[in-house]
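Dear colleague,

I am passing a structure on to you, and below it you will find my notes on what turned up when I went through it. Please read them with the structure open beside you.

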Amino acid sequence: MNEDELALKAAVDEYEDEYFEDMRFEDGSITDPFMGERDSSDRRYPQVYHLPADLYNRVGIRNSGYRFTVVSPDDSTPTVLFKPKTVSFGRKYIKDKAAILHEMIHVHEETLSDRRFTLHKDALFLCLYNKLKAKVDQLDDRIFKQLQFHDGAERALRCGPHGILFYLKALELDLRCGWEPETVLGFEKIKQKPGVSIKVAPAEKGRGCRSRPRRQKE
Ligand SMILES: [Zn+2]
């Protein structure tokens, strides 16, 4: 691993702890109401969310097996390859926080592709939607527009689909970072406009790294 790749890896590790506790279903994240321990006598909540611990241990970038690499030419657009598990960045993008966060969402979605996570993903979707509803103007309109996104097919071919879960998490990261909505989603396009500043609002107070061990699930 060269110096650029070490710097990229350090950024990914930092952002993983800071911004992705929800996609790892960590204690205290917005998904907690769905994932928290249940009183087994409470029949309102079936135990469907209690999956084998080894499955939870596969969630997250560090356990994903993905390698973040720096490739030539320097302006290579960041791209996720699912086989072999690789996320490649041109040198131009290795300090681009929006670009790194964008690709990290793709990897997180991939780690949740096991069908046993279907309900987890639904819960995550709902929690993100509820969090954003009061904070992002015209959220429903934005979602519908994203569903009809004119270059969706081309983008899906290039770096994976930008479905609604991806879209909501990208908006949530925009909020946390104090960026305009859709900065993480469309980082390439924004970068192509000279003079465009993407940092426009005070960042939402970030969450610190939560180092306590994972709750044991069974
Ligand atoms: Zn993408």
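I begin with a detail in a loop: Glu 182 is found in the loop between H8 and helix H9 (187–191). Although Glu 182 is not a glycine, its phi is positive, at about 80°, and with 18 C-beta neighbours inside 10 Å the residue counts as partly exposed. Please keep in mind throughout that this is a predicted model.

Gln 138 can be set beside it, for this residue, also other than glycine, has a positive phi near 55°. Gln 138 sits in the loop between H5 and helix H6 (139–147), and it is exposed, because there are 10 other C-beta atoms within 10 Å and a residue with 12 or fewer is classed that way.

As for the overall layout, the secondary structure of the protein chain comes to nine helices and three strands, and from the N terminus on these elements follow the order α-α-α-β-β-β-α-α-α-α-α-α. The protein chain has 218 residues, of which 27% count as buried. Among contacts between residues at least 6 apart in sequence, 63% join residues that are at least 24 apart.

The axes of H1 and H4 come within 11 Å and cross at roughly 70°, which makes H1 roughly perpendicular to H4. The crossing is right-handed, and the contact is made by Ala 11, Val 12, Tyr 15 and Tyr 19 on the side of H1, and by Ile 100, Leu 101 and Met 104 on the side of H4. H4 itself has 15 residues and reaches 21 Å from its first C-alpha to its last, close to the 21 Å expected at 1.5 Å a residue. Because 12 of its 15 residues are buried, H4 is largely enclosed by the rest of the structure; among those buried residues are Lys 97, His 102, Glu 103, His 108 and Glu 109.

A second pair of helices is H5 (residues 118–133) and H8, whose axes come within 10 Å and cross at roughly 40°. The two helices are therefore oblique to each other, and H5 passes H8 in a left-handed crossing. On the H5 side the contact includes Leu 124, Phe 125 and Leu 128, while the residues of H8 that take part include Ile 164, Leu 165 and Leu 168.

Which residues does Val 70 touch, not counting those up to four places away in sequence? They are Asn 2, Asp 4, Glu 5, Leu 8, Phe 89, Arg 91 and Ile 94. Val 70 is found in strand E1 and is buried, with 20 other C-beta atoms within 10 Å. Val 70 and Glu 5 are 65 residues apart in sequence, yet their C-alpha atoms are 6.0 Å apart in space.

Two further residues bring together separate parts of the sequence. Phe 34, in helix H2 (residues 32–35), has its C-alpha atom 8.9 Å from that of Leu 124, 90 residues away along the chain.

One joins Ser 72 and Pro 73, with omega about -10°, and Pro 73 lies in the loop between E1 and strand E2 (79–81). Another joins Lys 83 and Pro 84, with omega about -5°, and Pro 84 lies in the loop between E2 and E3.

With best wishes

Technical notes:
Residues are numbered from 1 along each chain as its sequence is written. This is a predicted model: local features need pLDDT of at least 70, side-chain atom pairs count only at pLDDT 80 or more; totals for chains, interfaces and linings use all residues. Axes are lines fitted to C-alpha atoms, for helices over the stretch in contact, and angles run from 0 to 180 degrees between N-to-C directions. Helices (H or I, at least four residues) and strands (E, at least two) are DSSP runs, numbered from the N terminus. Angles under 35 degrees count as roughly parallel, over 145 as roughly antiparallel, 65 to 115 as roughly perpendicular and the rest as oblique. A crossing is left-handed if the near helix is turned anticlockwise from the far one by less than a right angle, and right-handed if clockwise. Two residues are in contact if their C-beta atoms, placed from the backbone, lie within 7 Å. The expected span of a helix is 1.5 Å times one less than its number of residues.
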